[in-house]
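Here's a quick briefing to read alongside the coordinates.

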Amino acid sequence: MGLLLAAAAVAAVTIPELRSELVGHGTEGTLTVSSCETHKKIHYGTHRRSTELQFSYTGSWTAHDGEATRQDVEVDTSSRFETGAKIPVVHVDDTFAQPQDRDPGD
């Protein structure tokens with residue numbers, strides 16, 4: 001029982017740190033949507049079929065600190081936005097993603 005409690009304590013301390021390392025910090029910014037493409041992904045099950053919508057947005061991205069701006073940035077997500085919308089996007093290495101789509105648990 002004591003070993004189980006010790007393992008739980010170690011996991012409680014290290015898992016958030018590990019998740020932070022896997023996700024990376026990146027540069028937070030805002031994407032102004034200029035265009036959108038919709039993609040359908042169909043999943044077939046044993047008794048039913050389901051359709052998942054995915055969206056690819058293109059626009060200009062500006063870092064929150066104002067130091068970086070990129071044009072023609074593409075972001076793929078399952079969230080729906082209108083043209084002209086300003087959405088939070090994180091830039092890590094050469095990729096752009098919404099913060100919730102970067103969760104390593106997804």
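This is a predicted model: local features need pLDDT of at least 70, side-chain atom pairs count only at pLDDT 80 or more; totals for chains, interfaces and linings use all residues.

Residues are numbered from 1 along each chain as its sequence is written, and side-chain values use heavy atoms, with hydrogens and water left out.

**Strands and their partners**

- Strand E1 covers residues 27-44, and strand E2 covers residues 49-63; strands here (E, at least two residues) are DSSP runs, numbered from the N terminus.
- E1 and E2 run antiparallel and are joined by 15 bridges; strands pair if DSSP finds at least two bridges between them.
- Four residues sit between E1 and E2 in the hairpin they form.

- His91 belongs to strand E4.
- With a relative accessible area of 16%, His91 is buried (buried means under 20% relative accessible area, exposed over 50%, partly exposed in between, using a 1.4 Å probe and protein chains only).
- The His91 and Arg70 side chains make a polar contact of 3.4 Å (a pair of N or O atoms within 3.5 Å; within protein, one must be able to donate a hydrogen and the other to accept it, and residues adjacent in sequence count only if both atoms are side-chain atoms).
- The His91 side chain also reaches the backbone oxygen of Asp93, at 2.8 Å.
- Leaving out residues up to four places away in sequence, His91 is in contact with Gly26, Thr27, Trp61, Arg70 and Phe96 (contact means heavy atoms within 4.5 Å).

- Most residues other than glycine have a negative phi.
- Asp72 has a positive phi, near 55°, and is not a glycine.
- Asp72 lies in strand E3, residues 69-77, and counts as exposed at 67% relative accessibility.
- Asp93 is another non-glycine residue with a positive phi, about 55°.
- Where is Asp93 found? Asp93 sits in the loop between strand E4 (86-92) and strand E5 (95-97).
- Asp93 is exposed, because its relative accessible area is 68%.
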